[in-house]
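Student: I would like to learn how the words used for a protein structure are backed up by numbers. Could we look at one together?

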Amino acid sequence: MTRISVELIPRDRNHIINDMKQVKECFPIADSINIPDLMRFSLRSWNAFQITSSYYTRSIPHIRAIDINPDLPLPGHDINNLQEILVIQGDPPSDFNKHTYPNSTESILRRYRRELPNLKLYAAFDPYRRSPKEELEHVLSKKEAGASGFFTQPIFDEKMLELCMDWLHNKTVFWGLSPVIGPKSKSYWEITNKVVFPHNFETSLQANIDFAKKALQMIKKTNQNAYLMPLRVKLTTYLSPLQEIFQN
């Protein structure tokens with residue numbers, strides 16, 4: 001059964017509740033919310049979970065490995081209804097006063113597997129920042145450390161999606177999709193995330209919706225999972241047209 005998640009930024013309690021209500025109304029196929037952990041907001045992902053889980057019992061907070069103090073309990077250790085988390089490495093903070101730790105994703109996965117064995121653990125897959133061979137080696141090491149599935153960085157063209165589906169054909173995967181609206185947004189992905197877009201990539205809203213429809217058809221056909229990251233667009237504008245993919 002295909003699972004569909006929507007990634008919502010936990011700016012504060014009111015914002016995330018309002019966003020969830022919009023998703024419930026315009027995109028009822030979504031059965032999950034995944035929650036990034038962003039340093040510029042005071043609401044941490046596992047604390048946001050205690051808000052989102054009242055609306056979506058399948059809520060998946062992101063845990064940044066480099067933030068985990070080895071001498072303190074793991075984030076989420078005291079949340080009884082927490083079922084799933086996504087462990088990512090985490091980019092270094094821009095604020096040099098923010099303390100980080102020399103943890104790897106694998107070391108934190110192993111710690112969660114040892115200390116909170118009932119949790120389902122996910123890790124990240126990124127086809128852009130490293131060579132395919134290196135990234136697939138990391139996939140294997142994360143799986144051995146305890147990851148039972150993967151969330152991909154957003155993918156922006158059908159050929160790349162097909163290729164990555166082939167690479168991860170025997171894995172549980174949430175395939176990431178995100179709109180890229182305008183040249184400024186495109187440059188962000190190219191510079192920050194090392195994305196290589198196809199030469200004919202269009203940054204209009206309609207072109208992004210059309211691609212998301214094609215990608216979701218592929219994901220649905222292969223009985224895999226997806227998550228949607230609706231950045232810099234109105235939730236209803238981007239998500240509502242995609243609902244029709246699951247009504248046929």
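**From value to word**

Tutor: The buried residues of helix H1 pack against strand E1 (4-7), strand E2 (32-35), helix H2 (45-52) and helix H8 (235-239). This is a predicted model, where local features need pLDDT of at least 70 and side-chain atom pairs count only at pLDDT 80 or more, while totals for chains, interfaces and linings use all residues. Residues are numbered from 1 along each chain as its sequence is written, and side-chain values use heavy atoms, with hydrogens and water left out.

Student: Why is Leu 86 called buried?

Tutor: Buried means under 20% relative accessible area, exposed over 50%, and partly exposed in between (1.4 Å probe, protein chains only). Leu 86 has 4% relative accessibility, so it counts as buried. Leu 86 belongs to strand E4 (residues 84-88).

Student: Which residues does Leu 86 touch, not counting those up to four places away in sequence?

Tutor: Contact means heavy atoms within 4.5 Å. With those sequence neighbours left out, Leu 86 touches Ile 60, Pro 61, His 62, Ile 63, Tyr 122, Ala 123, Ala 124 and Phe 151.

Student: What makes Phe 151 and Phe 174 an aromatic pair, and is it stacked or tilted?

Tutor: Rings of Phe, Tyr and Trp (its six-membered ring) pair if their centres lie within 6.5 Å; planes under 30 degrees apart count as stacked, over 60 as edge-to-face and the rest as tilted. The centres of Phe 151 and Phe 174 are 4.4 Å apart, with 5° between the planes, and the pair is stacked. This pair links distant parts of the chain: Phe 151 is in strand E6 (residues 149-152) and Phe 174 in strand E7 (residues 173-177), 23 residues apart. Both Phe 151 and Phe 174 are buried.

Student: And what about Phe 156 and Phe 197: stacked or tilted?

Tutor: Here the centres are 5.1 Å apart and the planes make 45°, and the pair of Phe 156 and Phe 197 is tilted. Phe 156 lies in the loop between E6 and helix H5 (158-167) and Phe 197 in the loop between helix H6 (182-192) and H7, so the pair ties together parts that are 41 residues apart in sequence. Phe 156, Tyr 188, Trp 189, Phe 197 and Phe 201 form one aromatic cluster.

Student: How do you know where the charged end of Lys 24 sits?

Tutor: A charge sits over a ring if NZ of Lys or CZ of Arg is within 6 Å of the ring centre and within 35 degrees of the ring normal. The charged end of Lys 24 sits over the ring of Tyr 56, 4.2 Å from its centre.

Note on methods: Helix = DSSP H or I, 4+ residues; strand = E, 2+ residues; numbered from the N terminus.
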